[in-house]
Amino acid sequence: MSRVPGWLGRISAGLAELGERLDERRAEVELESRGPLDGEDGLDRSAPRDEPGILPRAHGTSGDAPAADAEASALPVQRPSEEKAAPPAYTQPHRPDPALAVPWGVRVAAEAGWRLLILAGTVWVLMRVISAVQLVVLAFVAALLITALLQPTVGRLTRHGVPRGLATALTAILGFVIMGLVGWFVVWQVQENIDNLSNQIQDGIDELRKWLLKGPFHVTDKQINEIAKNLREAIGANTDQITSAGLQGVTVIVEALTGILLTMFSTLFLLYDGKRIWEWSLKLVPAAARPGVAGAGPRAWRTLTAYVRGTVIVALIDAIFIGLGIYILKVPMAVPLAVFIFLGAFIPLVGAVISGALAVVVALVTQGVFAAVMTLVVVLAVQQIEGHILQPFILGRAVRVHPLAVVLSVAAGGMIAGIGGAVVAVPLVAVTNTVVVYLRSYAGEAELRHTPEPRGATAVDASPAHRPSS
């Protein structure tokens, strides 16, 4: 080592000392970052630190100091650089519960969303089942409507001592005979007046053509001929579709006859044994919900009965007054048109518009523009009286449905099941509204019944001094 220059030895010693101090400082920082605070480990951290590389001096008497120093000098000194460095302690950041990390509004939307999806799936499956047995469902619903109309007659006969079976048979036979006679009369009137009507329609078309030629629209004869030619071509091009529609009409007739038979049998059984059928249906309901359903059933039936009776009375008044108006205006087939108006009244809003438009068109092509305008005035006047006077007075508040709900329900029923769906849509909405309102009030009353009384509440004193004077 003597051969090494002195300055090189001093540099290496200084670098070694600097490295030792850096290691010492790093170890102290690590100890401070993970060790206890001052005073928590019982050590006096305010005492001065010893020199690096020398063990700390033991606290004691001055007489023991030389022995302690000799003992410490005999022990091997382990410098901090030679100690095994402890791995740095990494603290894992706190992660909250994922459910709590989601905002409250999003959680509410998700909870409502999956429930709505389940309800939508249930409704979709139910609609698929109904569409598969559409004829049976429509026949049963029609039987319910007819039963709601005929049930009061059966009740009156039984109260006068007539056996229930005989009263049911007499009422059903009388009702179906009247319906059959009305249908036969309409068909007979149409067949009797079809030739005269076709001639009047042809004359009306000729008069309409003359009016277009001489009217304010300045329509030329060439344009009218082109329109007629386009109509003939359209009819000729769609001959196959018209033929297939005729074949489908045969299928529709067969289905209609089947539905009529199902309706008749269902009506007979509902008139005769409706109460026991309802009691059996209640057994299918869970026991917890059975009291509420048992209370909602009679109220729903009263609503349906009131709706059917009111609709029949309103439709009869519409048919009588509109029929008299078009009869005075000498519009042909006034009686069949009145019957169509009566049947159209069972489809709220839409049926009245279609049947009234049919009467206006017949008056236009047979009697001219003046008769058509007067027919329109008669139809609008009767419908205004119906909407503002007859329906509120006859139907009452129990079965009143908002016009928007009427339009939407009729449109949905027509899209799902055609004319039959449009007929049963509004009474179904009225009955559903009655059931929902009752079940809501029943649930509120049940909650009040099961709510415990607050502590400290005392019962009303029933002594004679606190009883009200009679």
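**Exercise 1. Classify the lining of the largest cavity in this predicted model by residue class.**

Solution. 
Step 1. List the lining: D318, I322, I341, A345, A352, S355, G356, V379, Q383 and E386.
Step 2. Sort by class. Gly counts as polar. The lining then has five nonpolar, three polar and two charged residues.
Step 3. Assign the elements. Helix 9 (290–328), helix 11 (350–367) and helix 12 (369–394) each supply at least two residues of this lining.

**Exercise 2. State how many cavities of 30 Å³ or more there are, and what volume the largest has.**

Solution. 
Step 1. Count the cavities that reach the cut-off: there are two of 30 Å³ or more.
Step 2. Take the volume of the largest cavity: about 50 Å³.

**Exercise 3. Find which residues of the largest nonpolar core touch the most other members, and which elements build this core.**

Solution. 
Step 1. The core holds 14 residues. L145, L304, V308, V410 and V426 touch the most other members.
Step 2. Two or more residues come from each of helix 5 (134–159), helix 9 and helix 13 (403–450).
Step 3. Helix 13 gives the most, with six residues.

Terms used: Residues numbered from 1 in each chain as written. Predicted model: local features only at pLDDT ≥ 70, side-chain atom pairs only at ≥ 80, totals over all residues. Heavy atoms only, no water. 1 Å grid on protein atoms, 1.4 Å probe; cavity = no way out; pocket = protein on both sides within 12 Å on 5 of 7 lines; lining within 4 Å. Points joined across faces, edges and corners; volume = space filled by probe spheres on them. Helix = DSSP H or I, 4+ residues; strand = E, 2+ residues; numbered from the N terminus. Core = buried A, V, L, I, M, F, W, Y, C linked by side-chain atoms within 4.5 Å. Buried < 20%, exposed > 50% of the residue type's maximum accessible area, 1.4 Å probe, protein only.
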